Amino acid sequence: MANRGGRRDVLQTLDDRELLRRYRLDRAGIMFVVDLLRDAITSPTRQQCSSDDLGLSQSSVSRVITQTLTALSQPNIVTQFVSFPLDARTLHTHKRAFMDIAGFPGVVGVIDGTHVRIIAPSEDEAVFVNRKNFHSINVQIVFNAACKILDIVAKWPGSTHDARMLSESGIRQLFERRYVPANCHLLGDSGYPCKPWLLTPYLQPRQGPQLNYNRAHKTTRAVVERGIGQLKRRFHVLHGEVLLRPEKVSKVIIACAILHNICKVRQIAEPLEDGDEDEDEDNDEDGGEEDIHIPQGNLAQSGLPYRANFTNLHFRDADGAGAADGSGGNLVGKLDGPGSCDGSMLQKYIGLV
């Protein structure tokens with residue numbers, strides 16, 4: 001069926017399965033996004049468009065994509081769908097969900113970096129070459145236990161170390177200025193500095209509590225690898241080399257993150273295709289970052305004594321079980337904190353995220 005302009009109306013001619021395969025959204029999801037962006041884009045952009053079979057010129061497709069990316073990357077849209085929780089009730093829910101995975105207490109998110117390959121930019125080309133020797137944007141991302149994105153930073157050149165991205169990020173400010181309540185932790189790999197709020201694995205764990213801690217840490221942190229794999233599988237543009245300027249690639253990544261979360265909230269199934277995997281192909285196995293020196297100053301390993309006490313308190317038993325409510329037990333309860341704060345506090349740090 002064609003519309004008055006002679007273009008094919010895919011919502012009328014394709015079923016949800018085919019829409020999902022082609023556009024990663026079902027019919028209701030497409031209409032949700034159209035309504036979301038209706039006031040932010042010009043009239044021609046409201047049509048369903050793709051270069052595959054809708055009869056649009058390449059220039060029209062490019063214009064539509066640019067307008068849509070700009071609209072999706074506006075702060076008022078981003079914070080509707082990607083926002084780190086600050087209220088005690090939501091954080092408690094996250095703790096319980098992570099606790100159910102491997103008995104690791106007090107976890108509210110898992111963090112990692114992943115590279116999105118780009119063509120060599122015309123300016124500052126060298127800083128975009130990562131340690132695997134290809135040009136990329138290094139993306140910092142935080143997931144909850146259901147692989148929903150809680151925080152994303154998609155602006156750093158590929159040569160930037162994960163620890164540097166963290167040090168300049170809004171998520172660090174939220175934790176270190178205690179806008180995130182006490183008793184809350186992120187889990188990260190050994191490429192990050194160990195902090196009282198960011199727990200990393202032991203590089204050479206001893207038998208007993210340290211080994212129990214590492215096992216639970218690895219199993220729990222695997223969520224971030226699955227989450228990145230799901231994001232890149234759903235949006236294959238993030239798998240290959242993106243043929244755009246770095247600034248526009250950053251918008252593409254943010255747009256994909258928003259659409260990923262919309263799919264999670266709306267329970268839109270992932271399009272499974274031959275050759276797809278559920279892991280991040282850029283991920284390093286345990287110890288992959290161990291030979292990288294963590295800079296001092298703001299990135300110092302200030303959490304090592306905390307981690308040692310935390311490990312001895314919660315992982316003496318082989319089960320590695322923590323407090324029944326997922327709070328992390330008595331040790332973290334000794335920390336002072338504001339308790340909770342509402343989402344308006346996050347607005348202060350939008351520019352940092």
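Reader: Which helix is largely enclosed by the rest of the structure, and why say so?
Author: That is α9. 22 of its 26 residues are buried, so the rest of the structure largely encloses it. Bear in mind that this is a predicted model.

Reader: Where does α9 sit in the chain, and what span should it have?
Author: α9 covers residues 209–234. At 1.5 Å a residue, its 26 residues should span 38 Å. The end C-alpha atoms are 38 Å apart, which agrees.

Reader: Which strands does α9 lie across?
Author: α9 lies across β1, β2, β3, β4 and β5. Its direction is at about 45 degrees to β1.

Reader: OK, the sheet. What is the strand order?
Author: The order is β3-β2-β1-β4-β5. It is an open sheet of five strands, and the pairing is mixed. β3 (149–157) and β5 (198–199) are the edge strands, each pairing on one side only.

Reader: β1 and β4: parallel or antiparallel?
Author: Parallel. Three bridges join β1, residues 107–117, to β4, residues 185–187. Val107 has His185 in β4 as its bridge partner.

Reader: And β1 with β2: parallel or antiparallel?
Author: Antiparallel, over eight bridges. Val110 stands opposite Phe143 in β2.

Reader: How many bridges join β2 to β3?
Author: Six, and those two strands run antiparallel. Ile141 has Ile152 in β3 as its bridge partner. There are five residues between the strands of this hairpin. In that hairpin, Cys147 takes a positive phi near 65 degrees.

Reader: Now Asp112. Where is Asp112?
Author: Asp112 lies in strand β1.

Reader: Asp112: buried or exposed?
Author: Buried. The cut-off for buried is under 20% relative accessible area. Asp112 has 3% relative accessibility, so it counts as buried.

Reader: Which side chain makes a polar contact with Asp112?
Author: Arg221. The polar contact between the two side chains is 3.5 Å. Asp112 also lies 6.8 Å from Val142, C-alpha to C-alpha, although the two are 30 residues apart in sequence.

Reader: Back to helices. At what angle do α9 and α11 cross?
Author: Roughly 95 degrees, and their axes come within 9 Å. α9 and α11 are therefore roughly perpendicular to each other. α11 covers residues 304–314.

Reader: Which residues meet there?
Author: From α9, Pro209, Gln210 and Tyr213. From α11, Arg307, Phe310, Thr311 and Asn312.

Reader: Loops next. What is the phi of Arg178?
Author: Near 60 degrees, a positive value in a residue other than glycine. Most residues other than glycine have a negative phi. Arg178 lies in the loop between α8 (170–176) and β4. At 40% relative accessibility, Arg178 counts as partly exposed.

Reader: What about the phi of Gln267?
Author: Gln267 is not a glycine, yet its phi is positive, about 55 degrees. Gln267 is in the loop between α10 and α11.

Reader: Gln267: buried or exposed?
Author: Exposed. Its relative accessibility is 73%.

Reader: And where is Gln301?
Author: Gln301 is in the loop between α10 and α11. At 28% relative accessibility, Gln301 counts as partly exposed. Gln301 and Pro193 are 108 residues apart in sequence, but their C-alpha atoms are 5.0 Å apart.

Reader: Whole chain, then. How many helices and strands?
Author: The chain has 13 helices and five strands. Of its 353 residues, 50% are buried.

Reader: Among contacts between residues at least 6 apart in sequence, what share joins residues at least 24 apart?
Author: 70% of them. The pair Gln301 and Pro193, at 108 residues apart in sequence, shows what such a separation can look like in space: 5.0 Å, C-alpha to C-alpha.

Methods: Residues numbered from 1 in each chain as written. Predicted model: local features only at pLDDT ≥ 70, side-chain atom pairs only at ≥ 80, totals over all residues. Heavy atoms only, no water. Helix = DSSP H or I, 4+ residues; strand = E, 2+ residues; numbered from the N terminus. Expected span 1.5 Å × (residues − 1). Buried < 20%, exposed > 50% of the residue type's maximum accessible area, 1.4 Å probe, protein only. Pairing = 2+ DSSP bridges. Contact = heavy atoms within 4.5 Å. Axes fitted to C-alpha atoms, helices over the stretch in contact; angles between N-to-C directions. Polar contact = N/O pair within 3.5 Å; in protein donor to acceptor, adjacent residues only side chain to side chain. Parallel < 35°, antiparallel > 145°, perpendicular 65-115°, else oblique.
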